[in-house]
Structure formats: structure tokens, C-alpha cells
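Student: I would like to learn how to read a few local and domain-level features from a set of coordinates. Could we go through them one at a time?

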Amino acid sequence: MYLYNLTLQRPNGITHCIHGNFSGPKQQEICVSRGKVLEILKPDPSTGKVYTLLTVEVFGVIRSLVPIRLTGSNRDYIVIGSDSGRILILEYNASKNTLEKVHQETFGKSGCRRIVPGQFLAVDPKGRALMIGAVEKQKLVYILNRDSQARLTISSPLEAHKANTITFHTVGVDVGFENPIFACLEVDYEEVDNDPTGQALKDVKQTLTFYELDLGLNHVVRKYSEHLDEFANLLITVPGGNEGPSGVLICSENYLTFKNFGDQPDIRCPIPKRRSDLDDPERSIIFVSSATHKTKNMFFFLVQTEQGDLFKVTLNHDPDMGMVTEIRLKYFDTVPVASAMCVLRTGFLFVASEFGNHYLYQVSNLGDDEEPEFSSSERLEEGDTFFFVPRKLKNLILVDEMDSLSPIMACHIADLANEDTPQLYVACGRGPRSSLRILRHGLEVTEMAVSELPGNPNAVWTVKRRADDDFDAYIIVSFINATLVLSIGETVEEVTDSGFLGTTPTLSCSQLGEDALVQIYREGIRHIRADKRVNEWRAPGKRTITQCVVNQRQVVIALTGGELVYFEMDSTGQLNEYTERKEMTGEVVCMGLGSVPENEQRSRFLAVGLSDSTVRIISLDPQDCLTRLSMQALPAPAESLCIVEMKTTEGIVVDASGGRDPQTRSIGTSYLNIGLQNGVLLRSVLDSVTGDMSDTRTRYLGSRPVKLFRISMQNNEAVLAMSSRTWLSYTYQGRFHLTPLSYESLEYAAGFASEQCPEGIVAISGNTLRILTLEKLGVIFNQEVRPLKYTPRRFVLHPETNIIYLIETDHVCYTELTKQHRREQMAKEMVDAADEDDKELASEMAAAVLSEKLPEEIFGTPKGAIGMWASQLRVMDPISGETKFVHEFEQNESAQSLMRFEARPADTFLLIGVAKDLVLNPRSHLGGVIYCFLVLENGERLHFIHRTVIDEVPGAICPLAGRALISVGASLRVYEIGKKKLLKKCENKNVPNHIITLHTMGHRVFATDVQESVHFIRYKKMENQLIVFADDTSPRFSVASCLLDYSTVCVTDKFGNITVLRLPADANDEVDIDPTGSKGLWDRGLLNGASNKCDVLSQFHIGEIVTSVQRATLIPGGSESLVYTTISGTIGALLPFSSHEDHDFFQHLEMHMRSEYQTLCGRDQSAFRSYYLPVKHVIDGDLCEQYSNLDMAKQKLIADGLDRTPSEVSKKLEDLRTRYAF
């Protein structure tokens, strides 16, 4: 089996986030790492929307990310620490929209290793040096400088190693222009290693260590080390030199501490807690992320607790003594818990959430109001802290939200909404911000306005008054017997003085020349000057105009009988008819004319579609006007033609005739789009010199004839194609995209520009006029969100009613009943502790505690003790989003598995496996319970039947021959439904650890163990036995699995690998169990396992934990593929090759790409894809698709090696993608 790996949606989760002037001075961008993808984002200061400028696949793991700016410079570089064993310094080139390597220095082995640097990066705030550190032992310091051409230079690394030391965090200390200093949080474990009693482990202390780089002697020394009272997790650099007191803020458990050299005493302030919080009282609190904002005369820090509360931290320091006297904290706002935050100079706060969507906030207030302030100078008892009351946003305003599926817990692909195209039902998120999302392939459409019209129109256009206007002035709507002109202003209203003829239907209209308008109708052409003077051209005799096409300076019409008449505007603004007319060989069914290129008089080519299923290119050049240049035969009659010029980095090599050299162009290529009557769209490259058509791409759009309309998207030309669905063909980040709109079908459209909607679409559907915008270009899926209460774990579908049964479970969490008990207990304690005088006040406070309910999706859930669980079963209609039924489990019952099956023909049951008092580490539990529900009312209600207590955790449940197959810890059991509980019928105890997924086909069971890969089991019904007859030779820490056929299974593991296993053809499942133990050792199977071993068909490293995998068809009429989802929000597919020829082609393309394409982080692509196990029989489609990003010389070189042209290679890549996916 040969497979092709293709990423459909890149990861959404953000692991690192930095900001800086990467493209140039005063241009602030955000650079984010999404695990193995690097992105440059830009918030628009005027609209507040975040746009993606560049997305790069790095084929490695980005472990750390920092910006660095050389002293006196006005732009930032990006420094990456990765698993490549190299340090990377990148520069963002805005004109080419690429990241360019400035330096790539090798220092160690590849891979995420304990002692190879890459995990921590710290830079000197003045940009003179940077430190890259490992988790253990090694640290390297590089000195940065400039050469005579002002280019960045980097020194050889200086070592700052210390054995037996674990590092927790590293920052550069701001010491002005003195020797650079780096601060590290470290733990020395040498004594712990040598102490057999374990006492040293209990007494171990964390240290704050300062390393100094002596620029004169060119070496690094450990300058100072100090033990810390509490374990810390985060260091924050305090501005120094002329801007502040220097030093570091240490974020530790329950405390924030300021430390500096010299006579500076430690300043320590407790971290405030929420008043009347339901959290476990023993639980400590820490800061998890921070952002620094610095101007010339002030600075402050925003720090965030693990509950999501933001605090503004300021330092009071005495400039004369150079000492900090006080730390002041003020509650700022509460936002989702972030993995990283950035405060931008434009007044935005970007929050890269740990899980769920990412947010951009406008900082409207710096929190200088009357809110209570907490100070380190207030003396509290050791262990006491301050309290505050959380509230809704006050200092921040939410301006934009970036969708994120991270983490995807479960996924199912099906067409439950009967839309012909399958939807992806994805359970994702964590805690109260979890959701079930319905993903549809398509662009999200925002409706700006919908208005009814007096009848059913057949066409719509927009025109400007003058060519240099930014916005449109009129919307022209044509009906079967009239034309309606609407003026665009504050509102859209009808006008009658525009000069347009309203008593006849319009064929086309446009803005012409500088300030004129043109209207074409069946009987003639109406040229409307700016002063409302009208020139008319009448069609000769009884002939009428059947087709027309117009741009800013040219008009072409087709009369009945197939005669073409050409008009062009002269320098005086007069529309002149060309002396000759062109008789075509058949009836003209459609025409296409491009826009007039910049600094040119005319568009050179006219495309004409005839009734004989051909398209002809006609010259409009004065030298050979109306002569035919080329022709293309079509598989069906053309419905519509559209010539557009698209700027793309996908290089097109056009082989020209006539002895000229082949053209090589990477931008501004003309394309002829041909919409056919059978619902197919063709796209051909149009040679700008000869008019030849080449490199034709085909795509089926829908069942209706395809109409094409030219519109503008991001200041580039794009094509709107309408069939039974509406599609948009556009370029985004230099690449082609053809994506459907997630909207009802439209009939006619035009581009629309107004102040409120600078790049919109005006369209007609039925008797309505709609104004639409498309904001999220480049997005593959649009989402419908159904909020959930806890983290979703698994769900199953009812096959007839499409109802979803979903289990949700959260750790260290309370059920609603427990929360209410805790509130009542706190209220009672308040009243009991109060004096007689304060009883009334205490009663009021107690009542406030009982009534207080903060929205948990914003403020998070109260955290319980380790081993506390809250779970529920939800029955939901995914289409309407309505929850039909909820069953809450008791406190500390964690739902682990569920299954729907039919034990009797008339009855359907739902089984839910629950663990009691489960503690994850060290693992302990009080057994498990299996709940049995009867499914009623078309699946919408559940009736509780009974619960069965078992001695282990039920990991997976699966139907087997009318019974329930349940994994109970390390054993596999078959149960039958009884009247009062489940009845155990059969058991197998030969499973090594714990089964997490089960699949059955016939009497064969496929069980995946949490550590030992797949076990193939035969169920013998007559003997009532479960017998393991095959297993795997390699241990795999399994996560998800999927059946491909009776002897083939796909398994994913915790390290990001995906493997396809198959039983050998000669494997026999007719095996007998040996109850006597008398068989010889040679009969016991290989490696003490089963008698048969699986073969590995293919394996591949994805780079993220794959949480679900399934066989599915993604597009109507497409072929089946293996679709997977990952914990970071990636959606990808493994596509099977249908022919050896295709596989051979892509194998050679991948081989060429490995040698020609340089990965961004310096990691070898084949080594990355073979991270744990050698890649086998899987071709990396993500690497092959980088082909279009190579420069043209390399594209030509690779294409020559494959005996193809570059356009044929691009076409092959596109065809493979569109055959299976999008």
C-alpha cells in the first residue's frame, strides 16, 4: 500500500508568540509558532482584524522563538531554537513575502534531546548576544555584531555548561551596555542522584543563576547563584539602563519576587486570589504567561494566572539610590489562559490561547482607575494573600477572534445535513470552552444587507462615476422587461436621473474612460457622458445584440447570426466602431474580455465561445484586429468566459512557438476561465504575446451551467463561479485557491465597494438583492460552533436519526451539585464566623456567595483536588445544536468509553464505561461502573436500566455478535444485557496493559493496547472463547485506530506516528487455546506473543499526536482516503495511489524536492518524517507542494528530471489533491 500524505488544514494551536518590526521600521507584526509551522500575522490598526501574511511549513519542531534587534537598528530578526541541532536567525522580506535565512549555525545532534540546546532561548535586550540552552547541562552563548556592510554576524559558540543541572527558564537581563548577563532558573540534582534515602529529593532547592558574558575576554562565567524559597516557573526581564532599575521578576508558587544584584533587597508580593473562590484550599497559584510594555518614560507588565486573571504589575523605584522599593499589582481583566501574550505599540493585546480560539483585544484603559491595588509593602502573615473580585472586561475590548480547533479530541465525517458534501463533526477544546464544531469546506460569508426586489431580476452590475473613485456609485439591476438603477450612499435607493434607459432589460453596463458610463441593451449601445449627454448606437435592421462584453476602454458586441462589432474609446472620450466586422462560423454563446492593463491603451485579446463547443481567441491589436489567433475545442458548449490577470508565485512556463525562448513568469499571468454548460470549470494560461492557450486545469463545480464574474479580492482580480454552488477562484499568499462559498446558491453577481464594505459582492438570489463580504480568505473550513460544558472525550452517532451521544469529562473539577454544596458550606462558615454585630453584613455576603455564578467559559471552572472528576452524557442534535438529554454522573466518576448497539431487534442500548476515583499518577482507582441506558423516542431520550460494578477501568466498548465486548483494565470480556446488570460470558486475560480502542468485523476483534500496539483476536462463539492469534513486533503507545479491511488496521501513537499494519496472507486465525499448559515452548508463538505477527505496510511521522483516524470520502464523487485529526487542530489525509505510474512520478518528485528544497529550520525532511521509525511507503505531499515556492530555475531543473514541464508538475499536484480532497 502506497500513500500520499496531504495536510488539509494546518495546526491552529499556538506554542510560541513574539512581536516586533520584522518587515521594517514602524511595522509591527506578530510571529507565531504552531509546532511545525511558522506564521507571520499582522493586525490591521484601522479594522482590528488579524491577517496572515505568510505561513511556512518548517519540517521540524519549533521549541523556542525570540525576536532580536541589534543596537541602533530599526527592525527585528527572528531567532528559532528547534530540533535540528542548529540555531536559526531569520529575516522577513516583505517585498517577496518570504522568510530568509541570515544565519544557520550547527551545534549539536538533531532531535528533541535532554542535553542538546534548543529548548530555551534568551537574548540580551541590547541585541549583543543570545543564549540557547538545553533542558539539562548544556548552554551556548553566541555574540552578535555587524560587518562593514551592516550585515548581521554571529560568533562561534561559547560554552556555559554545568553537569547535573536541570533548567526551567532563561532570560536576558537588561544591564544597559555593560557585559551581557543571562538569568536561569536551575536545579542541581547531583546530591539527589547520590542519595539512596530520598531525603535529598525532599530538600532540593531551585536556584537563580546569573551567567555573564565577558566581551573583553570572550568567555562566559557563572557570576552569581542564589537559592529560592519557592519553586519558580517563569522569569520576566525588568527594563534597565536609562529605562528602569534592571533585574528580574521571579514568578513562583503564590509569590512574585523582584531580585537584582548589589544591595537591592528582595521585594516579595503574594499573588492575589479570587474572593469566595471554590478552588481547593490546598492548591497554589502561579503566573503562566507575561507581556511587557515599554515606552520612553514608563513600563509595566501584564501577567496572567493559571485561572486567566490578568494583573498589571508596576515597580516603584528610587532613581537616586537605583533601588526598587515596592511591587504593585492591580487586577486588570480576565481572558482565556494564554500560552503567550504580546502587547503591541498600536494598543492591541494578542492572546495566544493554550486551548481554543485566539483573541485580539484593544487596550482601552491602562487600569489607572479606582480599582484596589495590592502592594508588597503591605505586611501579611506568611501564607496569607490578597483577594479580589473578578469582573467582566473593563480595560480590554475584544476586536478579533481567530478560530482554533486545538485540541481535537474526536472527529466523525458524515453528511448528516444532506448537503451532498460531507461535513466534519469535531469535538474539540478543553473544559468550559469546549465545543462540538461542524466544519464545512468553504469560505465563510458575512451578509451585510438583504433587500427584496419588485420581481425576479436576471442580472446585476455595479459602476463607479469616475475611474479614480474608490467606491461604486450605482447598482444596476436588470429585469425581464426593465432596468432598475440604485444609488449607493448612506443608504441604497432608486434614482431616475442616472442616464440609464430603464424601460428595457440591460445586457451589460460599465464605467467607461475617465468619467463616462455605457449601457448595452438588445437594440443598441447607450454612451452616457459625465454631463449626462447621451450618444446612442442602434443595432442595424432587425438584428439584435445577443452577447456583449465591455471593459474600461473597449466594447465588443455579437449580433444575431454571429457577427462581431468592435468599439474602442479614443483620446477625446468618443466611442468609435472599428471599420470591419467579423463574421463567426456559428452563433456566439459567450464572450470574455480582460481588464485594460496598467499603462496600456487596450486589452489585446477577446475570447469568443461558439455554439460548436469551441473557444477562439481574437486579436484586438490595431495591426491584426479581429483576426483569429488560437482555438480550443471543449468537451461541452461554453456558458461563460472570463479573462483575469492573477499575481501568483506558482511559476508558469509557457512554451511559445515561432522560435522564441520559453517565457518564465511568476507574477501577473493572464488566465482564461471557461465555464461549461455541464458544470465544469476550465482554466487555461493565456500567452500574453501569441494568445495561445496552454496548461488547462479542470474542476467540476456543480450540476448547473457555470457563470463567471470578475471581482476584486485583496486588490487582486478574482473570479466568482456560479453553479449549483458558488465558488471563488483567487490567489492567497501567492497560491491559487478554488473554494466554495458556504452560502445558498446565487444567480448573478458583481464586485461591490463602499465605505462600509470596501471589498464586497452584490448578488441576486430569487427576488432578493444581497450584499456579501468574504473576510477569512485562505481558510479551508467554516465552522458552526455548539458549546459544551466539559472536555469532550468520545461520541457516537445514531445511524438513523443522526443524533450524537457524547461523553464529556474533566479532571480536578466539581459537578454542579458539589459546587452548590461548597457554596452553601462557605456561606455557612461566613455566618458562623461573624460576631453578633456583623451578622447582618455576613448574611448579605453569604447570600452574594450563593447567588454568584460567573460564566465559566470566560472565568474558568473552580479547580478541585487531584482525583476529582466531573462527567456527563449529552444527547444532541448536531444540525440544530439542540441538547435533547443530559445525564450528570456522580462526583469523581469519569466517563471513559461509550457504545451504542442493538441487543434485540426492537431495542437499542447505550453503554457508558465510567472509572471511579481515578488518580492518574501514581495510577490508582476504586474500580469502574458500566451504565446501561435504553434509547427511546428516535434516539432523543435515554432511560436508565442498570449499572454494573466492575473491578477495573473500562477502556473501550464495542458490539460483538449481539453482545458487548468490553476492555476491563488488562482483560477483555464479553457481556450480555441482563435484567439487573450485565452478565459476564467470556474473558481473555492475555492483554499486556490496558486496551484503549476496540473494533470488530465478523468474529474478528482488533484491540489496541495502550503500550503494545494491536492484538488480533478471534471470537469463537461455539466454544465461547476469545483467542489472541496475532500481534505486532514493535511496541506502540497507541492513541487511535481504524479498520481498513478484514486483515488491515491503521494505528496512531503518542509520538505522532501513523502506521498501517496487515496480517500476512498465510496467517491462520483457526487457533486453539491451551488450557493444560502442556504445549511445547516452540508452540507458544514468537517473543512470548501470538503465533502470527503483523507486517508493517506503511509508517509516517506526522509531528503531532493523532487523536482520530477514519476512512472517509471528503468530496462528492471523490475517492476514499484515510482522514486524521491531531491534538494541535491539524486535519490531514493519507491518499492511496491508484496507479504505479502516479506513485513513481511522486516518488521521484519527492526525491528531487529533498535535495533542492531547504527546510526553514535546517532539519532534514526525511529524518523528520522518520523521527522514531523509518518512513515507509508514504510520500510527503506537504514537501511536494513546496514545488511551487521554489524559484523558476529549480522548478525547471526538477521538471526536466521528471521529463515534464513545470506546469505539468503543478497540474499533477493539483489533480491529486482535487481527486480526493480540496
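Tutor: We can begin with a contact between charged side chains. Asp83 forms a salt bridge with Arg1163, and the closest N and O atoms are 3.2 Å apart. Keep in mind that the model is predicted.

Student: How many salt bridges are counted between domain 1 and domain 3?

Tutor: The count is one salt bridge. The rule also finds seven residue pairs in polar contact across the interface of domain 1 and domain 3, with both residues at pLDDT 80 or more. On the side of domain 1 that touches domain 3, β8 (86-93) and β9 (98-106) each supply at least two residues.

Student: Where do the domain bounds fall?

Tutor: The domain assignment gives domain 1 as 60-227, domain 2 as 446-650 + 668-779, and domain 3 as 1121-1220. Taken over C-alpha atoms, the centres of domain 1 and domain 3 are separated by 34 Å.

Student: How is the size of an interface often given?

Tutor: The usual figure is the accessible area lost when the parts come together. Here domain 1 and domain 3 bury about 850 Å² between them, with 58% of that on carbon and sulfur atoms. In terms of residues, 14 from domain 1 are in contact with eight from domain 3.

Student: What span should helix α10 have, going by its number of residues?

Tutor: Helix α10 covers residues 1206-1220, and at 1.5 Å a residue its 15 residues should span 21 Å. The end C-alpha atoms are 22 Å apart, which agrees.

Student: And which residues of α10 are buried?

Tutor: A general point comes before the list. An α-helix has 3.6 residues a turn, so residues three or four places apart point the same way. The buried residues of α10 are Pro1206, Ser1207, Val1209, Ser1210, Lys1212, Leu1213, Leu1216, Arg1217, Thr1218 and Tyr1220.

Student: Next, the backbone. Which residues does a cis peptide bond join?

Tutor: Pro407 sits in the loop between β33 (396-402) and β34 (408-414). Another joins Asn921 and Pro922, where omega is about -5 degrees. Pro922 is in the loop between β74 (907-916) and β75 (928-936).

Student: What is the phi of Asp420, and is Asp420 buried or exposed?

Tutor: Asp420 is not a glycine, yet its phi is positive, about 75 degrees. Asp420 lies in the loop between β34 and β35 (423-428). Asp420 counts as exposed because its relative accessibility is 62%, and the cut-off for exposed is over 50%.

Student: What about Val812: buried or exposed?

Tutor: Val812 is buried, at a relative accessible area of 13%. Val812 also has a positive phi, about 40 degrees, although it is not a glycine. Its place is the loop between β70 (804-811) and α3 (816-833).

Student: Which side chain does Thr791 meet in a polar contact?

Tutor: The partner is the side chain of Asp810, at 2.5 Å. Thr791 lies in the loop between β68 (781-787) and β69 (792-797) and is buried, with a relative accessible area of 4%. Leaving aside neighbours within four places in sequence, the residues in contact with Thr791 include Met409, Arg430, Ser434 and Ile807.

Student: Where does Asp621 lie?

Tutor: Asp621 is in the loop between β53 (614-619) and β54 (628-633). Asp621 is buried, with a relative accessible area of 16%, and a polar contact of 3.4 Å joins its side chain to that of Arg604.

Conventions. Residues numbered from 1 in each chain as written. Predicted model: local features only at pLDDT ≥ 70, side-chain atom pairs only at ≥ 80, totals over all residues. Heavy atoms only, no water. Helix = DSSP H or I, 4+ residues; strand = E, 2+ residues; numbered from the N terminus. Expected span 1.5 Å × (residues − 1). Buried < 20%, exposed > 50% of the residue type's maximum accessible area, 1.4 Å probe, protein only. Domains from an automatic or database assignment. Contact = heavy atoms within 4.5 Å. Buried area = accessible area lost by both parts, 1.4 Å probe. Salt bridge = Lys/Arg side-chain N within 4 Å of Asp/Glu carboxyl O. Polar contact = N/O pair within 3.5 Å; in protein donor to acceptor, adjacent residues only side chain to side chain.
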